[in-house]
Amino acid sequence: MAEVKKLDGYVGFANLPNQIFRKSVKKGFEFTLMVVGESGLGKSTLLNSLFLTDLYTSATFPTTEEKLSKTIEVQASTVTLKEGGVTLRLTCVDTPGFGDAVDNTDCWSPINSYIESKFEEYLNEESRVNRSAIVDNRVHCCLYFIAPNGHCLKPLDIEFMRRLHDKVNIVPVIAKADSLTAEECQNFKKQILNEIGANKIGIYQFPDLGVDDEDFKDVSMTDRIPFAVVGSNTVVEVGGKKLRARVYPWGVAEVENSEHCDFVALRNMLIRTHMQDLKDVTNDVHYENFRCKRLATVTVGSPTVTSNKSLGLSPLEQLEEEKHERESKISKTESEMEQVFETKVKEKRKKLKEMEAEFSKKHEQSCRQLELQRRELDEKRQRFTKDKEVFMEHNQNSAIDGHTPNQHAKTIDGHGKLDKKKKKGLF
């Protein structure tokens, strides 16, 4: 191994972290958070408290009949948050209906299918020829809410974490911890960890930061796992400060007070210090395991086709599949363009017919007007011809009598005035 040398001058490659930082800030960050638990445990309220915004509005609790007929749904909503010039595309995945039925057999199947479907989508995009814009919608963290019964985990809790601990980062959370005393909460935490260890469930282990920064001095509080949290959508004034809290007749339970609950520890370790590690574990561990299992079943020339068309195929078959998809898109675009062209041609023909009818109508009107003008001109010509004949005849008669027209006029009228009718005939 070559010896590491210390440079005397300044070259500049020490700014590489700054370049990566600027690139990452410009691109933005993506994070997907899933919340799982029974109805009424405060999942939506905790999300609102974590990100200091109203991601979810207050919902109504289902009735007994609705619970019996209701199936588990997976609802994903995406919001864009900005803080200090950093953009975070946050996707919150809720699972209403989980654990609300009388028979909860395989109630984790829709959640498992959703997580695997996001892995399949990412693998499909990663296997394409063009991988320039891959959107990471994989589930990076799952907050599993445990009811504060103070005794032990339910069989449903154990089965859910056992089924999904190797596919997603599970962080157990004790909901509504203000309903337990401090002693009950500590005993409940110990019981939960014992049962998780006995059932060989691998929850997410927050690694040590390994830094000496004073800002992160009191952040590492892994001994608080599972986190006993309290959420609130109500902002109250305590000691002259406005903060989120729950008001009771005996006092106020502050959400961001470490002595009242573990909300601050959860928020710091989930968002402030370990969000990137959650994404790395998802990509390097859970996604790689899924990818290895998928690619292990792929054989060259295999005709097997899974739910996703591109999965279960060889690379050559995937290229052929992409070729067919592009050809189908091209043919679809051509058909759409032909339809648009035909529609425009029909509209143009319709306009031309309307213009032709309008021109024909104007032409007929012009012809009728010209015919009327021609008739008027013919009548005037006939009158002019008659007047001319009368005038010529009158001139001939005057010449025979040996008088000029002016003299003849004076002779007729002794005072030099002609009769109007005769004057009209002479001139």
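The model is predicted: local features need pLDDT of at least 70, side-chain atom pairs count only at pLDDT 80 or more, and totals for chains, interfaces and linings use all residues. Residues are numbered from 1 along each chain as its sequence is written, and side-chain values use heavy atoms, with hydrogens and water left out.

Helices (H or I, at least four residues) and strands (E, at least two) are DSSP runs, numbered from the N terminus. Helix α8 covers residues 275-296. Its buried residues are M275, L278, K279, T282, H286, Y287 and F290. Buried means under 20% relative accessible area, exposed over 50%, and partly exposed in between (1.4 Å probe, protein chains only). At 1.5 Å a residue, the 22 residues of α8 should span 32 Å, and the end C-alpha atoms are 30 Å apart, which agrees. The expected span is 1.5 Å times one less than the number of residues. A bend of about 35° occurs in α8 at Y287. This is the angle between axes fitted to the seven residues ending there and the seven starting there.

Strand β5 (residues 170-174) is mostly covered, with five of its five residues buried. I170, P172 and I174 point one way, while V171 and V173 point the other. In a regular strand the side chains alternate between the two faces of the sheet. Strand β4 (residues 141-146) runs parallel to β5 and is joined to it by five bridges. Strands pair if DSSP finds at least two bridges between them. F145 stands opposite V173 in β5. From β4, the chain passes through helix α5 (residues 155-164) to β5 in a right-handed β-α-β crossover. Strand β6 (residues 227-228) also pairs with β5 in the parallel sense, over two bridges. There, A228 is the bridge partner of I174.

The structure holds eight aromatic pairs. Rings of Phe, Tyr and Trp (its six-membered ring) pair if their centres lie within 6.5 Å; planes under 30 degrees apart count as stacked, over 60 as edge-to-face and the rest as tilted. The ring centres of Y144 and F160 are 4.9 Å apart and the planes lie at 15°, so this pair is stacked. Y144 belongs to β4 and F160 to α5, so the pair ties together parts 16 residues apart in sequence. Both Y144 and F160 are buried. Y204 and F206 form an edge-to-face pair, 4.7 Å centre to centre with 85° between the planes. Ring pairs also link F119, Y122, Y287 and F290 into a cluster.

Methods
A crossover is right-handed if, with the strands pointing away from the viewer, the path from the first strand over the helix to the second runs clockwise.
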